[in-house]
Amino acid sequence: MRATATTLPERDSPVIAAKDVSLVFGTADGPVQALRDVTLSVGAGEFVSFIGPSGCGKTTFLRCVAALETPTSGTLTVNGMDPDAARRARAYGYVFQAAGLYPWRTIEGNVRLPLEIMNYPKAEQAERVARVLEMVELSGFARKYPWQLSGGMQQRASIARALAFDAPILLMDEPFGALDEIVRDRLNEELLRLWARTGKTTLFVTHSIPEAVYLSTRIVVMSPRPGRITDIIESPLPRERPLEIRDTPEFLAIAHRVREGLRAGHVEV
Amino acid sequence: MRATATTLPERDSPVIAAKDVSLVFGTADGPVQALRDVTLSVGAGEFVSFIGPSGCGKTTFLRCVAALETPTSGTLTVNGMDPDAARRARAYGYVFQAAGLYPWRTIEGNVRLPLEIMNYPKAEQAERVARVLEMVELSGFARKYPWQLSGGMQQRASIARALAFDAPILLMDEPFGALDEIVRDRLNEELLRLWARTGKTTLFVTHSIPEAVYLSTRIVVMSPRPGRITDIIESPLPRERPLEIRDTPEFLAIAHRVREGLRAGHVEV
Amino acid sequence: QDAVTLQLKWVTQAQFAGYYVALDQGFYAEEGLDVTILPGGPDIAPTQVIAGGGADVIVEWMPAALAAREQGVPLVNIAQPFENSGMQLTCWADTGIQTPQDLANRTLGVWFSGNEYPFLSWMSQLGLSTDGKSETGVEVLKQGFNVDPLLQRQADCISTMTYNEYWQVIDAGVTPEELVNFRYEDQGVATLEDGLYVLEQNLQDPAFVDRMARFVRASMRGWDWAQENPEQAAEIVLEYDETGAQTLEHQVRMMGEIAKLIGDSTGVLDEAAAQRTVDTLLAGGSDPVITKAPEGYFTHVVTDAAFAQQ
Amino acid sequence: MREKVLPVLTVVLGILALWYLAAIPMNVREALTAAERAGAVVEGGSATERQQLPALRLVLLNPALALEGAWTQDRPRLPAPHQVAAELWSSVAGQPPGSNRSLLRHAGITLGATLAGFAIGSLAGILLAVGIVHNRAMDLSVMPWAIISQTIPIVALAPMIVVVLNSVGVQGLLPKAVISAYLSFFPVAVGMVKGLRTPDPMQIDLMRTWNASRAQIFWLLRLPASVPYLFASLKVAVAAALVGTIVGELPIQRGGLGARMLAGSYYGQTTQIWAALVMAAVLAAALVWFMGFLERRTLRAMGVPA
Amino acid sequence: MTLVILALVLWLAAWGLNGWLTRGGRDRSSLVRALVPLIFGTTVLAVWELLVRGLAVPPAILPAPSRIAQTFVASTGLLWGDFVQTILKGALSGLAIGVAAALIAAILVDRFDFLRRGLLPVGHFMAALPIVGIAPIMVMWFGFGWQSKAAVVVLMVFFPMLVNAVAGLQDTTAQQRDLMRTYGASYWQTLRMLRVPAALPFLFNGLKIASTLAMIGAIVAEFFGSPTQGVGFRIASANGALRLDMVWSAILVGALAGSTVYGIITLAERAVTFWHPSQRT
Ligand SMILES: Nc1ncnc2c1ncn2[C@@H]1O[C@H](COP(=O)(O)OP(=O)(O)OP(=O)(O)O)[C@@H](O)[C@H]1O
Ligand SMILES: Nc1ncnc2c1ncn2[C@@H]1O[C@H](COP(=O)(O)OP(=O)(O)OP(=O)(O)O)[C@@H](O)[C@H]1O
Ligand SMILES: Cc1ncc(C[n+]2csc(CCO)c2C)c(N)n1
Ligand SMILES: [Mg+2]
Ligand SMILES: [Mg+2]
């Protein structure tokens, strides 16, 4: 267990505990090491951001957590069980890097899908769908089909889909990549509020340093080939964060440290 | 012709001239007005960024310019001809919002595709492919297939594909959305250098205000439903732009104006 | 009423008029029989149908029945309504074929599926091989369902029945003078056609023998009726033809020819004719149809029972 | 509407013109033989000698006779379109619908068995595909044998199947339906396996994160995603089912278009074969069109862009 | 009776064995992948043998596999001749011609909109022709030799191939087509670099259907007239003589040939469309 891990009480029984996780993809021209010796533990209710150059294994790590990929070595537990058991217990809400809406369902139908699968009562389904569509500003588009929406709107729909049900762990892979700053700011605030309210443990991949700093309790900086963790930055910012916090010196200091970490990873390449 | 258009000499014979361009999509539940009365002219060698909330018609406008969509009303000319003639004259390099690589070609093969179509000599093809892959930091992945790459890597490959050949007009739809800041900064610099060297007329869609300000000679702010231009901001920044320029007051002033424009568009919704 | 299922060798036509007449005129009913007639068709082997239990009694040619016997389906002839063979080889006269010896180096159409045995036997008696055209060989084609190969001169000769295909050639506008016929009867390779066959083990059951006796009796009544009233018999056949493809003219003529083949047969098998058939087959070519003289392949118990009571 | 009719009409007229033209050389030999019998002088030697000459040569040598006999023969090698039309008309409209000679009756018999076979076959195909997609053992073991089953010339076995089924007491429509089901299950199975596997890995991953059950993944993802494949293969399958029925009807000779074709062939009535063929084609086209209609309705209900 | 019970037990045992083999990641080994279908096939044959013996099915109805095998081995020379006549001469030449014609037609239909609107509906109608009905006509036109069989095969494979090719050529995403448009790519370039590769999965699908149809077509056509050689001829004439062991041996020739062709096509598909999601699992 990492040194930092023992300092904070909630990490004594971490929700997510990765120890020396490595993953190698076999491809036609030789193996690709996507992750190497990744050790990390995430306590209940934490908001951990992952940042790192493209191809460094962020998506792969999230997929391991969600039991969509199996590490080649190392141990990974979620709530003390193996990730697949957690998956079967419906522990995850996952927002993929690409929207991936079903073309034969309307936006509304897409958002309702996980609720149908988890057998929410009909009335509650409608109510939840309406609420999350409202949240991502797509209320007017409930009846449209995915191909009738712009790229950013599709991405918002996929976020709504992941928020519609009550998963204790939220995995988000660059959810706001295709959104403009204004909407992004709004959704950032919304997400923080949701997180504060529900206490969902959140793993969040982003390429935006301010976003990572603004949202997280901890920021994990990764470097590529082989993907590994180069820095883990604790955020001393309070849980209550107005948007203006981004102009405070504390904020800028953390942002600076993240940027340095990132740059270091790049130089090594 | 717009007032501002006559003030600068190069816009007397604009490369792209849009006058009252409107576009309405017919959908099952009523028409969607994607563009309304868009009037804009872009001179040779300009770098124009488009920024605006998601769904405001940025992609649609770029598609009209590239003759992939036909405006319902208004006139649009490219190099004095209609967009389709320009298309057939191979005037465009287009980076789409989604990477859209061909799954049956390696990364290298995807980048080579336009060169094959335009009958570049074999040797030059190889040389160009190597150069642009280098530029987007994918040299090691030339032989991989698209599904073996991360989302950001795919996006970089698609940028390389658009830069591999000499199109006088470059249309880029959120090309750097899936990239981390470091790579993004590097590619921004790279793009500016390329633009300075080749004088390509560039239309660039982004959600990042700093990016728009850093790159552009003009920034077009749009607002949604119906999509229209709410502000056009000339950048007084010099053509030579080190990354540090982003901390100058001029830069921040422009950024502020763009943000205000964006916010205004959002309030109207 | 006792049920009897009869499997015919070929499609519904005047060749089987006797059975249809007996059914239509109520001769079977009078004997207390409920008869189902299953028409045959190309590639339906009645021997297989009876082996599989799909019929009680079949109309079959003796060569095929004997071959089946060797393959472990113990068929026994219980009655033989046809006295003569109607099979022949029909050739274009203008090809210069006049005698069987002229067949060398020609292309001949032959029916397969169990009907090729008399032909093979004949060729081996003529000393002609069937492996292809040569001075001592003929080229054999598996003839399809019609006389086109002759009309279009894809073959110099084809197999025909005196009552059917031959007339189709004539109907196509060919004059009899343009043709040369070699009847198997005349070539000494005639085999018995259209006999009634049942499975040997069934004959141990007296009730079955009785049923068959009544069946044969009624059938022979049908044949007599058909011979006397060819037009009405043809009409009855037409009524039973579910494909609706037959014409009255053709069926009347066929009935006339069939009557000649039946001659004055009472239905009782002529043992000499049966022996001739066996001899012909045993004399077969390189690939003999039957390898040894069969035993017990016919019985008179049924005909005896049928006609003793009268 | 006019946009569709004009090209189709042009193509149809073109085909008819070609057809009439082709009938001249196709039928020239019989035309000349008939003329010769009637006493006309024919160039090109005797019938046996003419056999050696190409048909076109014969037409050029005897243009008048060739034309005269091209479109009027009783037993043509290639009946002219109007002869087929006349036969079709007389066997459809010229007969009481219940008569053995009515083509409508035969079409009805064939249609019944086709529908039964198609229903059995496509259902079996879908079930097999579902099994293959969900059960690894079935995928590995059944698929190769399903493929081999199709390389067995069932059509050649049709008489045997009829006999064997007959011997266990199955008669009438069912033996035909069995053959037609055998031919139609395969395209459905192959198409559905492909279709059920078409969702990309990410969509399945998404379902997995929700811990959707296999049934849910099937009903909510795989099945909708496979719909285009399903209909594409249903169209092939319904045509195959018709072929199966017709093949099954050849040996049975108890009515149906297949029996009709064989009877036509048996008695050298080429126009009768062609009329039955056209009828069968109309039937098949109608069935395929109906599948297309269902497809369009389904896809529209699923919001797929036109 | 004991044999029947034995057959049942054998079936269940094999099913269990296969189930075990394919669980828990064992199916990743290529040995298991080859073994499972073999076990399945062997079981089918064994159950067939046991049932035929146990129920005393007459050999004139269904012979036991062991007997078929004996006949097959004893008549390889004869069957080889049939194979050459029907498969090599009839089916494969017809398949090649039919597929080539369909591909050319697909491109024509794709290229000229007038043709697409005019020819495709007519083509759909023609395709609906039950080709077996055409076999006697083809024999009448092209004679008794392999040429008439090839003609039947050509007609039989043409339409499935055409439909698949046309569907495949249209199976590109809007963005992929847009990309080609921005390059100002010519029709032929788009065809070669985008639409043909995208169509490949469909083409292989069509090819698989066509190859099985080709075998069936060639064999069926022989029922309407043939030289005294060929798989169809063998089946028909042996069936008439109640030599069912020979019938099944001839069927085996057809099945072996068909499976081999199918296998080759599958291998080619795997090599050429490795990028397609359905091939990646
Ligand atoms: N299915 C696969 N087969 C082979 N290699 C793969 C596969 N998926 C991912 N990789 C490789 O693994 C590495 C990590 O990929 P991953 O998608 O986790 O990156 P990422 O950090 O999410 O990047 P991005 O920010 O661009 O999305 C990359 O080098 C990629 O090429
Ligand atoms: N094919 C289509 N059919 C119907 N409506 C469409 C279609 N394409 C786009 N639209 C609508 O047009 C509007 C503009 O879409 P567009 O893709 O241009 O937005 P955008 O500005 O690029 O957004 P983003 O930043 O999210 O990519 C949206 O409201 C969208 O719903
Ligand atoms: C495929 C095939 N061709 C010919 C015959 C021979 N045959 C037996 S009875 C009969 C009726 C005569 O008109 C004929 C032709 C057959 N059984 N099967
Ligand atoms: Mg990623
Ligand atoms: Mg867009």
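**Close-up views of a predicted model**

View 1. Strand 1 (16-27) and helix 2 (58-65) of chain A, with helix 6 (151-163) of chain B, each supply at least two residues of the shell around ligand 1. Helices (H or I, at least four residues) and strands (E, at least two) are DSSP runs, numbered from the N terminus. The model is predicted: local features need pLDDT of at least 70, side-chain atom pairs count only at pLDDT 80 or more, and totals for chains, interfaces and linings use all residues. Residues are numbered from 1 along each chain as its sequence is written, chains are lettered from A and ligands numbered from 1 in the order in which they are written, and side-chain values use heavy atoms, without hydrogens and water.

**View 2. The shared site of ligand 1.** Residues from chains A and B surround ligand 1, so the site is shared between chains. Of the 20 residues around the ligand (a heavy atom within 4 Å), T59(A), T60(A), Q97(A), Q148(B) and S150(B) come nearest.

**View 3. Oxygen atoms of ligand 1.** A polar backbone atom of G55(A) is 2.7 Å from a ligand 1 oxygen. For a polar backbone atom of C56(A), the distance to an oxygen of ligand 1 is 3.2 Å. H207(A) places a polar side-chain atom 3.1 Å from an oxygen of ligand 1.

**View 4. Helices 9 and 11 of chain E.** Helix 9 (residues 187-221) and helix 11 (residues 244-272) of chain E pack at about 175 degrees, axes 9 Å apart. Axes are lines fitted to C-alpha atoms over the stretch in contact, and angles run from 0 to 180 degrees between N-to-C directions. That makes helix 9 of chain E roughly antiparallel (over 145 degrees) to helix 11 of chain E.

How values were computed: Parallel < 35°, antiparallel > 145°, perpendicular 65-115°, else oblique. Polar contact = N/O pair within 3.5 Å; in protein donor to acceptor, adjacent residues only side chain to side chain.
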